[in-house]
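Here are my notes on the model, as numbered points. Please read them with the coordinates open.

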Amino acid sequence: MAITYSKVIQECLNILGAVAGGTAVAADTNYTSTPSTGTVVGPDFLSIQVQDAIVGCQGEIVEAIASTPLHPGRARYGDVTSALANRAAIPRTGSGTAKLIIGVPGAVRDSSNSETLERMPLENVRGFNRFSGTIYSGSTRYWYAINAGRIEHTRTNVLIDVCVFERPIAFNGNIDLDDEYEGGLVQGAVAKLALKESMFGDLFTGANSQWQALLARIRNYGNPDIFGEAQAAPSAT
Amino acid sequence: MTKDELVERAKRQLNAGQPEPRVWPDAEIDIDAAIMVASNKLADEVMYDPYERALLQQTYSITLDGSGQGDLLSATGSITGLTGEILQDGIRSGNVLDFDGNQLQPLLHYADFLKPQPTVYAYYTIKDRDKILTRRIGQQVNGVADIQGVNGPLTIVASYAPDNVSSWPSELEDRLVQALVDTVAQKITPANA
């Protein structure tokens, strides 16, 4: 299953009272049609405006997922960086999709054997590298630290699992979100649009509280007390 | 046992039973850096223990120059194949033979090496950090001009401190782990404890 832009746009328009139709049959026909200027009351809430609000909310949901290290939905937006040598700058785009990287990094892996690296204080990584041929000769360490946009590590090359996202350019198909986000996406878009009408104050309050609750639920996956003890991905060290 | 295995064993021993937050998993680099101290400390203990000394003894063949002098630190160990591991104290508790099979007696002071000594023995002393000086059997010495070196090469059985963790004999691995644990645990013992 999947959620489509058309369906979510119509759901938003319905809550905003913007589906055209003087009779139940006409309203039903417009509601089930592909949204257009002919299916809405207008001019306050047009389908293209609703579409933009939905895309805005979509981006916020994806950002919340990508910024939550333990969230299972990260894989949907997953990509990997190019191979990064020690002290390399972390790229802005994923190597597979060429889309912009968002959120926090996921696992850092050795590019030769996919062994995951352990996050360590920068001082440890630098100390190991500085004396890898003397004090630490014969030791094998899989360590990394991220410092001011660069990654320092103890391997030859590493890959970083990342999330990527860019604004969609086609709106006649499915929304790149799991089905469970349909309700929250509608509430978020309604909250953004309801501000246009002062009489929709209560509607805004209700929709916005549900929208914020959805974002909080997503970010709660970052709580290791609830969702396991996996190491949170780093922001900066 | 590899170096990584040594660090892992020490880390797990230190970590066992510790309340949260556990500090040792993040201390691998500190444990790693303490290996040399623990290794040398244990090698010294073994050298002074007659029951275990042989576990860290190996044979060195040392070429002598025309004056009967040789370089200890450039000698290659027969077991480890490495240079620079020989413990100079460990030569005295080992054995020094010249090419003719004569056992050389140690003289701890260079001044004694220059003095008259019983001529029934050959002698050696260590000088200038890593130089072994020899004095042949049956030679009366009244001063430095009288000294004649033995015929080389020397065959020395001496204690050594392994440079690599993997060079440690398996019989001593448990003690090496314990020595490392003791070394790093000492770091967090309050000075006034």
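1. D110(A) has contacts (heavy atoms within 4.5 Å) with E115(A), L117(A), Y142(A), R155(A), N157(A) and V158(A), leaving aside residues up to four places away in sequence. D110(A) sits in strand β5 of chain A, residues 108–110. Helices (H or I, at least four residues) and strands (E, at least two) are DSSP runs, numbered from the N terminus. D110(A) is buried, at a relative accessible area of 3%. Buried means under 20% relative accessible area, exposed over 50%, and partly exposed in between, with a 1.4 Å probe and protein chains only.

2. On conventions: this is a predicted model, where local features need pLDDT of at least 70 and side-chain atom pairs count only at pLDDT 80 or more, while totals for chains, interfaces and linings use all residues. Residues are numbered from 1 along each chain as its sequence is written, chains are lettered from A and ligands numbered from 1 in the order in which they are written, and side-chain values use heavy atoms, with hydrogens and water left out.

3. Chain A splits into domain 1 (5–71 + 167–227) and domain 2 (77–165). The bounds come from an automatic or database domain assignment. The C-alpha centres of these two domains of chain A are 37 Å apart. Twelve residues from domain 1 of chain A and six residues from domain 2 of chain A make up the contact.

4. Which residues of helix α1 (residues 5–15) of chain A are buried? They are Y5(A), V8(A), I9(A), Q10(A), E11(A), C12(A) and L13(A). Their cover includes α2 (24–32), α3 (47–66) and α5 (182–194) of chain A. Just after α1(A), G17(A) has a positive phi of about 70°.

5. Now chain B. Its elements are six helices and seven strands. From the N terminus, the order is α-α-α-β-β-α-β-β-α-β-β-β-α.

6. Along the principal axes, the C-alpha atoms of chain B fill a box of roughly 70 × 35 × 25 Å.

7. In chain B, 41% of the 193 residues count as buried. Of the contacts in chain B with a separation of 6 or more, 60% link residues 24 or more positions apart.
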